[in-house]
Amino acid sequence: MSELRQKNDKAELLPGPAGSSPALEESPQLVPQAPVAEVMREQLDYLLDHVSPGLCGCAECQRYQRVRAILLEVFRDRRPAAGTQRS
Ligand SMILES: [Zn+2]
(Lines give C-alpha, C1' and ligand atoms only; values in the text may rest on other atoms or scores of the structure.)
Protein backbone atom coordinates (compact mmCIF):
# COMPACT_ATOMS: atom_id res chain seq x y z
CA MET A 1 0.00 0.00 0.00
CA SER A 2 2.62 2.46 1.05
CA GLU A 3 4.72 1.45 -1.94
CA LEU A 4 2.01 2.47 -4.32
CA ARG A 5 1.70 5.75 -2.53
CA GLN A 6 5.43 6.39 -2.92
CA LYS A 7 5.31 5.60 -6.62
CA ASN A 8 2.52 8.07 -7.07
CA ASP A 9 4.47 10.72 -5.27
CA LYS A 10 7.53 10.06 -7.40
CA ALA A 11 5.51 10.21 -10.59
CA GLU A 12 4.31 13.61 -9.62
CA LEU A 13 7.85 14.83 -9.07
CA LEU A 14 9.19 13.49 -12.35
CA PRO A 15 8.83 15.66 -15.43
CA GLY A 16 6.44 14.41 -18.06
CA PRO A 17 8.03 12.20 -20.74
CA ALA A 18 6.40 14.20 -23.49
CA GLY A 19 7.29 17.53 -21.92
CA SER A 20 9.62 19.69 -23.92
CA SER A 21 12.86 20.12 -22.00
CA PRO A 22 15.75 21.38 -24.15
CA ALA A 23 18.00 21.45 -21.09
CA LEU A 24 17.83 17.66 -20.80
CA GLU A 25 18.90 17.14 -24.38
CA GLU A 26 22.04 19.15 -23.95
CA SER A 27 23.09 17.35 -20.79
CA PRO A 28 25.21 14.32 -21.77
CA GLN A 29 24.87 12.74 -18.34
CA LEU A 30 21.16 12.13 -18.63
CA VAL A 31 21.10 10.84 -22.18
CA PRO A 32 22.46 7.26 -21.89
CA GLN A 33 19.44 5.30 -20.74
CA ALA A 34 20.21 2.16 -22.76
CA PRO A 35 20.15 -1.13 -20.86
CA VAL A 36 23.52 -2.07 -19.42
CA ALA A 37 23.48 -5.43 -21.16
CA GLU A 38 23.04 -3.73 -24.49
CA VAL A 39 25.90 -1.36 -23.83
CA MET A 40 28.11 -4.25 -22.76
CA ARG A 41 27.32 -6.15 -25.93
CA GLU A 42 28.09 -3.10 -28.00
CA GLN A 43 31.37 -2.57 -26.19
CA LEU A 44 32.36 -6.20 -26.61
CA ASP A 45 31.46 -6.06 -30.27
CA TYR A 46 33.46 -2.91 -30.67
CA LEU A 47 36.49 -4.36 -28.92
CA LEU A 48 36.33 -7.59 -30.93
CA ASP A 49 36.11 -5.57 -34.09
CA HIS A 50 39.06 -3.48 -33.01
CA VAL A 51 41.35 -6.44 -32.37
CA SER A 52 40.21 -8.48 -35.37
CA PRO A 53 43.18 -7.35 -37.48
CA GLY A 54 45.46 -7.95 -34.51
CA LEU A 55 46.41 -6.35 -31.23
CA CYS A 56 48.03 -2.99 -31.76
CA GLY A 57 48.66 -2.40 -28.07
CA CYS A 58 46.54 0.67 -27.63
CA ALA A 59 44.15 1.37 -24.76
CA GLU A 60 41.32 -0.41 -26.55
CA CYS A 61 43.46 -3.50 -26.98
CA GLN A 62 44.24 -3.46 -23.28
CA ARG A 63 40.55 -3.18 -22.50
CA TYR A 64 39.90 -6.15 -24.76
CA GLN A 65 42.54 -8.23 -23.03
CA ARG A 66 41.07 -7.41 -19.63
CA VAL A 67 37.54 -8.24 -20.74
CA ARG A 68 38.69 -11.42 -22.40
CA ALA A 69 40.52 -12.53 -19.30
CA ILE A 70 37.39 -12.01 -17.23
CA LEU A 71 35.04 -13.67 -19.68
CA LEU A 72 37.28 -16.69 -20.13
CA GLU A 73 37.92 -16.97 -16.42
CA VAL A 74 35.27 -19.66 -16.07
CA PHE A 75 36.94 -21.91 -18.56
CA ARG A 76 40.20 -21.86 -16.72
CA ASP A 77 38.66 -23.75 -13.83
CA ARG A 78 37.77 -26.65 -16.12
CA ARG A 79 41.43 -27.32 -16.73
CA PRO A 80 42.74 -30.08 -14.51
CA ALA A 81 44.70 -28.41 -11.79
CA ALA A 82 48.20 -29.74 -11.96
CA GLY A 83 50.27 -29.93 -8.86
CA THR A 84 47.44 -29.45 -6.41
CA GLN A 85 46.59 -33.12 -6.15
CA ARG A 86 48.78 -35.15 -3.87
CA SER A 87 48.20 -38.84 -3.30
ZN1 LIG B 1 44.39 -1.35 -30.43
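pLDDT is the predictor's confidence in each residue, on a scale from 0 to 100. This is a predicted model, with local features requiring pLDDT of at least 70 and side-chain atom pairs counted only at pLDDT 80 or more, while totals for chains, interfaces and linings use all residues. Residue numbers start from 1 along each chain, following the sequence as written.

Averaged over the chain, pLDDT comes to 76, and 51% of the residues reach 70 or more.

As for the overall layout, the chain has five helices and zero strands (DSSP runs numbered from the N terminus: H or I of at least four residues for helices, E of at least two for strands). Of the 87 residues, 1% are buried, meaning that 20 or more other C-beta atoms, placed from the backbone, lie within 10 Å of the residue's own; 12 or fewer makes a residue exposed, and anything in between partly exposed.

The axes of α3 (residues 36-51) and α4 (residues 59-71) come within 9 Å and cross at roughly 115 degrees; axes here are lines fitted to C-alpha atoms over the stretch in contact, with angles from 0 to 180 degrees between N-to-C directions. On the α3 side, the contact is made by Leu44, Leu47, His50 and Val51, and on the α4 side by Glu60, Cys61, Arg63, Tyr64 and Val67 (contact: C-beta atoms, placed from the backbone, within 7 Å). Leu44 is partly exposed, because 14 other C-beta atoms lie within 10 Å.

Key:
Two residues are in contact if their C-beta atoms, placed from the backbone, lie within 7 Å.
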